[in-house]
2 protein chains.
Amino acid sequence: MGSQRLTAQGIPSLLRKRGVRIAVIGLGRIGLPTAAMFAKAGAIVTGVDLKKEVVELTNAGRCWLTDEPGLADMVKEAAKTGNLRATTDAKEAISKADFAIICVPTPVYETKTPDYSAVQKAARTVGTSLKRGSVVIVESTVGPGVTEDMVGPILEDESGLRAGIDFGLVSCPERSDPGNIMQNMKSLPRIIGGLGESATDVTVALYEAALGVKAIRVSDPKTANAAKLTENLFRDVNIALANEFALLFEELGVDAIEVINACASKYNFLPHYPGIGVGGPCLPANSYYLISEGVKSGNIPYLIRMAREINDRMPDHAVELVGEALNEAGKTVKGSRIAILGVAYKPNIKDVQLTPVERVVTRLREMGGKIEIYDPMYKGEEVFGLKAKPTLEAAVRSADCILVGTAHDEFRHLDLEELSHLTRARAGFVDARNVVSPEAVVKAGFAFRGVGRRAR
Amino acid sequence: MGSQRLTAQGIPSLLRKRGVRIAVIGLGRIGLPTAAMFAKAGAIVTGVDLKKEVVELTNAGRCWLTDEPGLADMVKEAAKTGNLRATTDAKEAISKADFAIICVPTPVYETKTPDYSAVQKAARTVGTSLKRGSVVIVESTVGPGVTEDMVGPILEDESGLRAGIDFGLVSCPERSDPGNIMQNMKSLPRIIGGLGESATDVTVALYEAALGVKAIRVSDPKTANAAKLTENLFRDVNIALANEFALLFEELGVDAIEVINACASKYNFLPHYPGIGVGGPCLPANSYYLISEGVKSGNIPYLIRMAREINDRMPDHAVELVGEALNEAGKTVKGSRIAILGVAYKPNIKDVQLTPVERVVTRLREMGGKIEIYDPMYKGEEVFGLKAKPTLEAAVRSADCILVGTAHDEFRHLDLEELSHLTRARAGFVDARNVVSPEAVVKAGFAFRGVGRRAR
């Protein structure tokens, strides 16, 4: 490396002396917690974001993310100590930084091909102001090879410096689970692979010292990126497998949840549960980063692709179950009031990115259903062009069918008797997230259907 | 139930007083340990098998199965105490039995449809002599519904009794892992679902009292059978996923083993490893029991079917790797001596049922390779029409390529330097089971290839 200022051994004391300067590119769900954690550990962090509102809030010590426990206090504290500030102007931040950490989103286009435009833009921005001896870290989830073959060349072109020689280029993919990010960042080992031996050394030292986590050093950036995709695709494929079992077992009159819970007693089984589908910024997109590399190399990962298709089909199955439950109650979707409990893509977070519930709502509306939404994270807000109700009761009142779309904690202890008094007689109840006891729902008088559940 | 002799409460003391009579149908890898375990617990067990040799050995206190630690002593002891005897004549055994346990194999035909002929035959045999008040337990792995809709009607037809009323019909699928069966039988919970409330009660009591395991009671036989298939298919699909990653990562120059080991640091990841394919009596067959029910109900489990196809393709990939390693050494398969280390379908057992190594051997021979086999479980025995070598050295001497086909313990600590002196210069080395360090193999002078391994 050009600079000898950064050494792995020196990182811990440099951190304590407020001598490590970090630019975090993107203050989103990953970038903001990352910036706050490094600031807390003593680094001088500048968060760069295009959104003026996010920059202003952060500089005021306020946190735009409301569903990550512990984050608000940390942002407040970091702004107060001056260790964290935010800006829309990347130039100065990057020109002074020892580390530039890219935390921008990597979605997919509607054609299901990776959209790396934000990463490319971030790389151009970083490259323009990159100083010799610094380290560029890619935390964004990308396909194996994207760091070396796309990010690296952009940085070299813009800076005139050489990756792995004049500056370090390291993949350290974020592995956090939205809603638990602060906890994950402090405990989940990081997988780190880089170009440039000493740059990788100091990156390992930085994450271990600042976050207190173990670093697993792998051969190169593409291995680190492959690992991130592998662990997420493992989850996507296994949820698809649970969904495939659910669809088949419904047909065979077997309860998939009972089956999966019984299997969980085996030492080499890891339970995954069926549901309404898979949403969020990661799982619905990550497969396509690998599929895309596979297609390019003439080696298509069929199983991974099939899994995506199965998970993408689940919202339609939830719509079918609504139709069945209403049918049992002697009603049609057309003209029925349907209360959707939960729109977020996963429990206890405020995020509807690629939520499978949206397709369910859209299709039920197309079929002539009248939709009411309630979600504890979106009380009174507009979601999918509808105004969410302020209370559960308001959404459920006079409903012909209830559908649970998100397993928020609040829905795990529904008073089914009370609900049955609020709804019309007779109403359907579709549990697309396995939060209720089918027997209790039937006892309360509903026509019950559930994903993976035998009709009762 | 017709008989009041058997009650759940009474089972433990009845067992101690040698008052429980059990007929075990089939003294195979599951039946013999089952018979021996129940005999040890105090039951009077008659094992029924068509093979005269098995019956004679068992009655002499000798054990035909040589690779299940602890079984031989138990069979010897059970024969000595008289609690276990074997016969080819089912009639008397069944007519006196409180429990008839069906432990016969359920393979698939070459057309990949379930072959339930042994179960049907066992059901006819049991039905002919079935006494009122007894319980028929199906331990064989079958599709959901097969116990109720195939075994039940045969038993009713032959006996004139009614399932769930005059006799109990219970599915209690075996869940053991060959090679660890004695350990599994004592520790792994059993999943039990039956027709006839009290029959299910006494079956739960029998397994808990005799084997000391927890029983998980499920709604009905088909739920128990679905659970057995679900846990095995989870494994088959996840091995296929590991194989899919391996094929793609080889292409991208990423080491799949390094990736999977890194992923293992995440709390919701369960590592499975790629390899030469999946063999044995269970995994290559079990998917088809479910696929078959799916096809009948118009609901094809695509993911499960795709997984089978991926795993079935892996032996061909191992052959490709042999060709690549030989090519790097400047040789062709044709005319080369290829030493196959390990033919068993899994480590440390003596079983070549549906072993993926067989296809590798067949194809390499078709291509003109000269095959030598060494497997510690088959020293000097005939396998796939070849006489296995008595020692590793004899197999490897003058070889142009070594292929590890089974991860037997013996192959985990190969002296690679010594091997390189025995083989011809230069030789290939293909690790199809991830037992060696690629770097060490290369250092010893071999041209290395491995499933999921980057070529070095």
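In which loop of chain A is the place of R426(A)? This is a predicted model, and in it R426(A) lies in the loop between helix 16 (416–422) and strand 14 (428–431) of chain A. The peptide bond that leads from A425(A) to R426(A) is cis, with omega near -10 degrees. In chain B, a cis peptide bond joins A425(B) and R426(B), with omega about -5 degrees, and R426(B) is found in the loop between helix 16 (416–422) and strand 14 (428–431) of chain B.

As for the overall fold, chain A has 17 helices and 15 strands. Its radius of gyration is 24 Å, close to the 23 Å that the globule rule gives for 456 residues, so chain A is as compact as a globular protein of that length. The C-alpha atoms of chain A fill a box of roughly 75 × 50 × 40 Å along the principal axes, and buried residues make up 59% of the 456 residues in the chain. Of the contacts in chain A between residues at least 6 apart in sequence, 73% join residues at least 24 apart.

Between the chains, 51 residues of chain A are in contact with 51 residues of chain B. On the chain A side, the elements that give two or more residues are helix 10 (221–252), helix 11 (256–263), helix 12 (283–296) and helix 13 (302–328), and helix 10 of chain A provides the largest share, 18 residues. By class, this side of chain A has 32 nonpolar, 9 polar and 10 charged residues.

Within chain B, helix 13 (residues 302–328) and helix 14 (residues 356–366) pack at an angle of about 45 degrees, with their axes 8 Å apart, and that angle makes helix 13 of chain B oblique to helix 14 of chain B. The crossing of helix 13 of chain B past helix 14 of chain B is right-handed. In this contact, M314(B), P315(B), A318(B), V319(B) and V322(B) of helix 13 meet P356(B), R359(B), V360(B), R363(B) and L364(B) of helix 14, and the residues divide into 8 nonpolar, no polar and 2 charged.

Key: Residues are numbered from 1 along each chain as its sequence is written. Chains are lettered from A and ligands numbered from 1 in the order in which they are written. This is a predicted model: local features need pLDDT of at least 70, side-chain atom pairs count only at pLDDT 80 or more; totals for chains, interfaces and linings use all residues. Two residues are in contact if their C-beta atoms, placed from the backbone, lie within 7 Å. Helices (H or I, at least four residues) and strands (E, at least two) are DSSP runs, numbered from the N terminus. Ala, Val, Leu, Ile, Met, Phe, Trp, Tyr, Cys and Pro count as nonpolar, Asp, Glu, Lys and Arg as charged, and the others, Gly among them, as polar. The radius of gyration is taken over C-alpha atoms; the globule rule is 2.2 Å times the number of residues to the power 0.38. A residue is buried if 20 or more other C-beta atoms lie within 10 Å of its own, exposed if 12 or fewer, and partly exposed in between; C-beta atoms are placed from the backbone. Axes are lines fitted to C-alpha atoms, for helices over the stretch in contact, and angles run from 0 to 180 degrees between N-to-C directions. Angles under 35 degrees count as roughly parallel, over 145 as roughly antiparallel, 65 to 115 as roughly perpendicular and the rest as oblique. A crossing is left-handed if the near helix is turned anticlockwise from the far one by less than a right angle, and right-handed if clockwise.
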